[in-house]
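Subject: Structure handover

Hello,

Here is the structure I promised to pass on. Please open it first, then read my notes below.

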Amino acid sequence: MSAGEPRQPERSKLPRAGILVTGTEVLTGIISDRNGPWLSERLREIGVDAAMIQIVGDRPDDLLATLRFMKDEGMAVIITSGGLGPTADDLTAEVVGRFCDRAMVLDAALEERIAEILRPMMKRWPGLDEAAIRRSNRKQAVIPEGATVLEPVGTAPGLVVAPAQGTAPTIVVLPGPPRELQPMWETARQTEAFQAAIIGATTYRREIVRLFGIPESEIANTLRAAEDAGLALEPLEITTCLRRGEIEIATRYEPDAQGDYDALLDFVRERHGDTLFSEDGSTIDEQVAGLLTERTLAVAESCTGGGFATRVTDRAGSSSYFLGGAVVYSNQAKVDLAGVDPGLIERFGAVSTEVAEALAEGAAKRFDAEIGVGITGIAGPGGGTEEKPVGFVCFSIWGRGDRRITRSSRMPGGRADIRDRSVTVSLHLLRRLLMGESDLGP
């Protein structure tokens, strides 16, 4: 994730947290973990150092061993997700009770609250065995003695469990479904037990800058050069990440290190002004959307298979500027849907800058848009030649007034990487046209 040597400020005084994701379905990859990264970001926002994310299956011994490991590593707080349902393999509350040396007790008020939540379901499915369901869900009301109960969003309550004695970590027990976990987190972090556990948390600032068209190794060189130039990097926690073909530099620091961060930004700006496209953390998608105000856009795309249109329309409000698109995978589709001259394909090949230009202009005219995007390439794994290998992609952005930017490049990686990065390249070329650049015209 990081390039070069990690640079982290002194963090020994900060409360540290571990995130423990439970569920065999997550461990085996049937379900992807969305909770760990989300919780890590929420912890960062309140000045708690998220030290680790661990995933374990539905095995109580593994869960208990991981809790003990996190305790030994000095975690002040451990946040668990999952394992709070009514089935036999939902054992998180019970294991947390053992870990915190607290007896498990039935909370009668919680049992009744769960029953209230279940009553509408009983009315919808009158054939269900109400007594059996009540017995099954009664398990969810058996909690560690003295735990703070968090109001259920589904049927599973959350818990905040402080240690019965000693200096063990406080455990925040949250359900697995993100739609339940996320609102419950806001309640959990306001509890007295949680606030007591994170005493010493520090307010941080976090800044992100983004670059495009530069290798990650060059940023590592820049950070070393900044250090050699005498910039104070010690107060800054700097990480770099290659994401969708862009370089993201994220810096976390305490407010009194603002001057050190400003000096670093000036240094990066001076060395990489031509590739630095975002100083405020805004993404290329956000910037393009902002630049498309009162302008319209269409696309004819081949190797990306609708990926450009998908990414543009992921943003709410995109209907105000995106008129439509065509996935022109076959040569005939390029001719029929985008108006490409068949002779152009015969002469230069379907994957060529000439055809990309025809696709861009054809898309704009087909949808009566002010700007057209054309993408054609070889995503692989087959279909490549010595002249046009797998990963070779041609791009063109056309604007009214015969303004145009056309490029070709070889994208690295496998099929999914090539397609995804091709969309990113197209967005950056579109941004350049929207900002006034052009190979032709005014």
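Is Cys-394 buried or exposed? Cys-394 is buried, with a relative accessible area of 0%. Buried means under 20% relative accessible area, exposed over 50%, and partly exposed in between, with a 1.4 Å probe and protein chains only.

Two notes on the source. This is a predicted model, where local features need pLDDT of at least 70 and side-chain atom pairs count only at pLDDT 80 or more, while totals for chains, interfaces and linings use all residues. Residues are numbered from 1 along each chain as its sequence is written, and side-chain values use heavy atoms, with hydrogens and water left out.

Cysteines

A disulfide here is a pair of cysteine sulfur atoms within 2.5 Å. The count is zero. The closest cysteine sulfur to that of Cys-394 is in Cys-303, 8.9 Å away, which is too far for a bond. Cys-241 also counts as buried, at 18% relative accessibility.

The six-stranded sheet

Helices (H or I, at least four residues) and strands (E, at least two) are DSSP runs, numbered from the N terminus. Two strands pair if DSSP finds at least two bridges between them. Six strands form an open sheet with mixed pairing, in the order E2-E1-E3-E8-E7-E6. Its edge strands are E2 (49-56) and E6 (148-150), each pairing on one side only. Inside the sheet, E3 (residues 77-81) and E8 (residues 170-174) run parallel and are joined by five bridges. Ile-79 stands opposite Val-172 in E8.

Two helices lie across these strands. Contact means heavy atoms within 4.5 Å. Angles run from 0 to 180 degrees between N-to-C directions, with axes fitted to C-alpha atoms, for helices over the stretch in contact. Helix H3 (residues 60-72) lies across E1, E2, E3 and E8, at about 165° to E2. Helix H4 (residues 92-99) lies across E1, E3, E7 and E8, at about 175° to E8.

Around strand E11

Eight of the eight residues of E11 are buried, so the strand is largely enclosed by the rest of the structure. Glu-246, Glu-248, Ala-250 and Arg-252 point one way from E11. Ile-247, Ile-249, Thr-251 and Tyr-253 point the other way. E9 pairs with E11 in the antiparallel sense over eight bridges. E10 and E11 also run antiparallel, joined by seven bridges. These two form a hairpin with two residues between them, and Arg-244 in the turn has a positive phi of about 55°.

Helix H9 (residues 216-228) belongs in this picture. Its buried residues include Ile-219, Leu-223 and Ala-226. What covers the buried residues of H9 includes E9, E10, E11 and helix H10 (258-272). Just after H9, Gly-230 takes a positive phi of about 95°.

The nonpolar cores

A nonpolar core is a set of buried Ala, Val, Leu, Ile, Met, Phe, Trp, Tyr and Cys residues joined through side-chain atoms within 4.5 Å. The largest has 30 residues, of which Leu-297, Phe-308, Ile-371 and Leu-430 touch the most other members. Helix H16 gives the most to this core, with eight residues. Leaving aside neighbours within four places in sequence, the contacts of Phe-308 include Leu-297, Val-299, Val-373 and Leu-430. A second, separate core of 28 residues includes Leu-63, Met-70, Ile-78 and Leu-159.

Thr-304 is buried, with a relative accessible area of 2%.

Best wishes
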